[in-house]
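Welcome! Here is a short tour for someone meeting this structure for the first time. Keep the 3D view open as you read along.

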Amino acid sequence: MGTSRQQSSIVGTDMIDETEQYDAIVIGAGVTGLYQLYRLRELGLSVRVLEEGGGVGGTWYWNRYPGARFDSESYTYGYSFSEELLQEWDWKEHFSGQPENERYLNYVADKFDLRRDIQFNARVSSAVYDERKNCWQVQTEDGRRAEAQFLITAVGLLSAGYVPDFAGLDSFQGDWCHTGRWPKAGMDLAGKRVGVIGTGATGVQLITEIAKEVAHLTVFQRTANYCAPLRNGPIDPETQREIKASYPEIFKKCSETAGSFMHKFDPRSALEVSPEERLAQYERLWAEPGFKKWLANFHDVMVPGAANEDYAEFVRNKIRERVNDPVVAEKLVPKDHMFGSKRLPCESGYYEVYNRDNVLLVDVREAPIERITPTGVKTAAAEYELDVIIFATGYDAVTGSLNRMDIHGEGGQTLKDKFAKGPRTYMGIQSAGFPNLFTINAASVGNFVRAAEPLVEWVTECISYVRDHEFTRIAASPQAEEAWTKHVNEDGTNILRSQADSWFVGANIPGKARALLTSPDSAPVMRAKRAEVAANGYEGFLLE
Ligand code: NAP
């Protein structure tokens, strides 16, 4: 069963050039990659995880920016596969912060002895399918080579950071960074003039946290967002006991909802109740923590139309109430996209930041950024002197991290070329012509660990099926891929998520084709679809 690692092709004079052999290679040691390693190891496969970072955690390794934390309840985010782990780990806050999240994933890696199969500081530069040998040849930037029959990209939805191509960035004399590559040693912001570009979920968390520390903060906002109070707090011992006693119910709840969060929509329409009752519900949910105000609301708040607009206006008024200067408040009120068409940033004092004397909001839709200068940022209207620039400018989502690796399938075709007009996959998980490659990061829906666990289990069972039935290759059929891609593009067009210019549809990246990058179907529908496909002998896949 190929459980041991071998090495081949020892060549060269002053250096040993070796290609390591495995049954499976997993790219990424984040939430998904760690669990994929655990499962494949259980199956008896030799597995190598290649991880760009110096430690485990993925998103929670890289996103060390001040304020980074969960927006879903901590206890819905942990792994469910080990009862022992669930009982051992105490989440300290309802919405846990990055340091604790990273600690958790390190704890998991140690508890299940995962590190011995992970190569850190190993950024994959290419993955080439060798048709003759039926294996994936993977190379890292530092020249290491490894081969495996199966390749799994556990690289996350949001890991390829995007820094806009502003002229003059090279000339900037201060420090700058993207939030997704926050230095481990931190950024020295105290007493500095800091500029933050971007006001998505990341910018909102970061701005709130650093405003207290910096001498002056300039926020460059292009699009105002709907943000809602997170209402975080510590978990007291009694609640901790209750959480630990009710994990099965918590996970069951998550498994029944569209995005795998623990909140269920109210089946009533916002418009079928009286205005008083409607407002009372909006207020009641607004006072609750987390995504309840979004995902436990009247169901049609999440459908384009009158109910959505009614709630949007409620949220706009909440923003107006919190900002002292009415001109600044109006700049912070979103008017150009529907509520919920972008992921709702949850905040802890964000709007009050704009009541501080050391914070300036600059509208770069009105006066766009023209260039970065040696001493700051120049917009069409003014120049801003800065010591530090922070890019909270988001990600080339889902396909970006795949495209940054040079992935070649049958006949030498690249995944990048194939996805040029949008992803072409079967259920997000495989693409025709790329046998034994599981693009698991493109198949996820919703709350991350809850979505990742069933996906990993499906991939593991699929690989087990291939091996048990003495097949050597599994690949999406061109017909299944065509039908799935048509479904995503047609049925994905009218959903709320597709309406705004956001990463959900690739609209945040200049030149990227506009296409829904995730499934338009809910998590339960996707799980049922995958189960049916498996039960029918992996219908839609070619097995050889
Ligand atoms: P984002 O939502 O894509 O926001 C990027 C921001 O940068 C936007 O405000 C965007 O403006 C701005 N921007 C981009 N290019 C610009 C340019 N050339 N000039 C000026 N502004 C520019 O990225 P993000 O905030 O990193 O969040 C991405 C996703 O990560 C979220 O949707 C969420 O799913 C996840 N996330 C989750 C959490 C959490 O709480 N767990 C925290 C952070 C992120 P426009 O809107 O005008 O494009």
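This is a predicted model. Across the chain the pLDDT averages 95, and 97% of the residues score at least 70. Residues 1-16 have a pLDDT below 50, and in the model this stretch has 34 contacts beyond near neighbours in sequence. Where pLDDT is low, the predicted coordinates should not be read in detail.

**Helix α11**

A friendly place to begin is helix α11, which covers residues 306-322. How far apart are the end C-alpha atoms of its 17 residues? They are 25 Å apart, which agrees with the 24 Å the helix should span at 1.5 Å a residue.

Several residues of α11 are buried: A307, N308, Y311, A312, F314, V315, R316, K318, I319 and R322. An α-helix has 3.6 residues a turn, so residues three or four places apart point the same way. What do the buried residues of α11 pack against? Their partners are the strands β11 (228-229) and β12 (346-347), together with the helices α9 (275-286), α10 (292-295) and α12 (326-332).

**Around G53**

Next, look at the loop between β3 (47-50) and α2 (59-62), where G53 is found. Is G53 buried or exposed? It is buried, with a relative accessible area of 0%. Leaving aside residues up to four places away in sequence, G53 touches Y61, W62, F120 and N121. G53 also shows how the fold brings separate parts of the chain together: A122 is 69 residues away in sequence, yet the two C-alpha atoms are 7.3 Å apart in space.

R64 lies over the face of Y61, at 4.8 Å from the ring centre. Over the ring of W62 sits the charged end of R181, 3.6 Å from the centre.

**Aromatic rings**

Two of them are set out below.

| Pair | Centre to centre | Angle between planes | Arrangement |
|---|---|---|---|
| F291 and W294 | 4.9 Å | 80° | edge-to-face |
| Y350 and Y354 | 5.3 Å | 85° | edge-to-face |

Planes over 60 degrees apart count as edge-to-face, so the 85° between Y350 and Y354 puts that pair in this class. F291 and W294 are both buried, and both Y350 and Y354 are buried too.

Which residues form one aromatic cluster? To find it, select Y35, Y38, W60, F70, Y77, Y79, F81, W89, W91, Y104, Y107 and F112.

Notes. Residues numbered from 1 in each chain as written. Predicted model: local features only at pLDDT ≥ 70, side-chain atom pairs only at ≥ 80, totals over all residues. Heavy atoms only, no water. Helix = DSSP H or I, 4+ residues; strand = E, 2+ residues; numbered from the N terminus. Expected span 1.5 Å × (residues − 1). Buried < 20%, exposed > 50% of the residue type's maximum accessible area, 1.4 Å probe, protein only. Contact = heavy atoms within 4.5 Å. Phe/Tyr/Trp six-rings, centres within 6.5 Å; stacked < 30°, edge-to-face > 60°. Lys NZ or Arg CZ within 6 Å of the ring centre and 35° of its normal. pLDDT = per-residue confidence, 0-100.
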